[in-house]
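Biologist: I am new to this model. Please walk me through a few of its residues.

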Amino acid sequence: MPKAPPQPTDRKSAIAVIARNKRARFDYEILDTWEAGIVLTGTEVKSLRAGRATINDAFGVVKDGEVWLINMHVSPYEQGNVFNHDPTRTRKLLLHGREITRLIGSVERQGLTLVALELDRKSTRLNSSHIPLSRMPSS
């Protein structure tokens, strides 16, 4: 009988969920999910570590062969100065080329939608977003 892989017990492998879009699972039919990195500025990273973000209205678009996350709100960093970020700026998602190619085909040809499900942080990587390929359920 094969053994189950050992569960990580150290704190370095723990995943901290920063924001979750609970409504998206109810409103959309989730077909496939990707984990993508996000391009952030320094004050955005500090604000996310403090847990100050919402992704309730966030969605993804494919533009010029790149995937962008729109309407993710990251509150301004409290100790930030004039170099603080715009809270709802458009952020680039980091995916492999073959994943982007597959998304382009699904979004443009099949009329599917990219909706942000979850924003998390693992101590071994910075911040990532779970972006599902979804469609509105037929009622």
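Biologist: Which strand holds Glu118?

Modeller: This is a predicted model, where local features need pLDDT of at least 70, side-chain atom pairs count only at pLDDT 80 or more, and totals for chains, interfaces and linings use all residues. Residues are numbered from 1 along each chain as its sequence is written, and side-chain values use heavy atoms, leaving out hydrogens and water. Strands are DSSP runs of E, at least two residues, and helices are runs of H or I, at least four, numbered from the N terminus. Residues 118-122 form the strand with Glu118, namely S9.

Biologist: Is Glu118 buried or exposed?

Modeller: Buried means under 20% relative accessible area, exposed over 50%, partly exposed in between (1.4 Å probe, protein chains only). Glu118 has 18%, so Glu118 is buried.

Biologist: Which side chain makes a polar contact with that of Glu118?

Modeller: A polar contact is a pair of N or O atoms within 3.5 Å; within protein, one must be able to donate a hydrogen and the other to accept it, and residues adjacent in sequence count only if both atoms are side-chain atoms. Here the distance is 3.0 Å, and the partner of Glu118 is Arg20.

Biologist: Where is Ala19 found, and is Ala19 buried or exposed?

Modeller: Ala19 belongs to strand S1, residues 15-20. Its relative accessibility is 7%, so Ala19 counts as buried.

Biologist: Which residues does Ala19 touch, not counting residues up to four places away in sequence?

Modeller: Contact means heavy atoms within 4.5 Å. By that rule, Ala19 touches Ala53, Thr54, Ile55, Leu117, Glu118 and Leu119.
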